[in-house]
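Trainee: Could you walk me through reading aromatic pairs and helix faces in a model like this one?

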Amino acid sequence: MRQPVHHSISYIEIRVTDLAAARSFYESAFGWEFNDYGPTYCGIKSADGESEVGGLDAGTAPSEYGPLVLLCSHDLDATVEAVKEAGGTIVGTPYDYPGGRRFEFLDTSGNRLGVFTEQ
């Protein structure tokens, strides 16, 4: 299984309005396979089927800014401080999710990104 690299782009979340319809679309159009995590989320399997490269998220409304790019961090609290010191804006303090913790921020141009750590 692929190990996330510190501060690298690691995962893309595509926010959708209808999980079943979106899943069907990506399965039909691109042959993607998924891991189910409940009624509002499924992970997009990597091409080798050993890990995930992203997810379909029906629990968060789609954004006019597109999918959410997620970076990995091996020290989430230090990354929060680094984002602040570099001039970014934290838009939510770190929170727990199944398998880890994460937060989202705006860069100096207003782009929204997320950072996660696995537990």
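Predicted model: local features only at pLDDT ≥ 70, side-chain atom pairs only at ≥ 80, totals over all residues.

Trainee: How many aromatic pairs does the structure hold?

Mentor: Seven. One of them joins Tyr26 and Phe30, with 6.1 Å centre to centre and 25 degrees between the planes. Planes under 30 degrees apart count as stacked, so Tyr26 and Phe30 form a stacked pair.

Trainee: Where do Tyr26 and Phe30 lie?

Mentor: General idea to begin with: an α-helix has 3.6 residues a turn, so residues three or four places apart point the same way. Here, Tyr26 and Phe30 both sit in helix α1 (residues 19–30), four residues apart, which is about one turn of the helix.

Trainee: Is Tyr26 buried or exposed, and what about Phe30?

Mentor: Tyr26 counts as buried, at 17% relative accessibility. Phe30, at 51%, counts as exposed. For another pair, look at Phe103 and Phe105: their ring centres are 6.1 Å apart and their planes at 40 degrees, so that pair is tilted. Phe103 and Phe105 are both buried.

Trainee: Now the helix face. Which residues of α2 are buried?

Mentor: In helix α2 (residues 76–85), they are Leu76, Thr79, Val80 and Val83. These cover an arc of only 105 degrees around the axis, so they are on the same side of α2.

Trainee: What do the buried residues of α2 pack against?

Mentor: Against β6 (89–97), β7 (100–106) and β8 (112–118).

Notes:
Residues numbered from 1 in each chain as written. Heavy atoms only, no water. Phe/Tyr/Trp six-rings, centres within 6.5 Å; stacked < 30°, edge-to-face > 60°. Helix = DSSP H or I, 4+ residues; strand = E, 2+ residues; numbered from the N terminus. Buried < 20%, exposed > 50% of the residue type's maximum accessible area, 1.4 Å probe, protein only. Arc of directions from axis to C-beta. Contact = heavy atoms within 4.5 Å.
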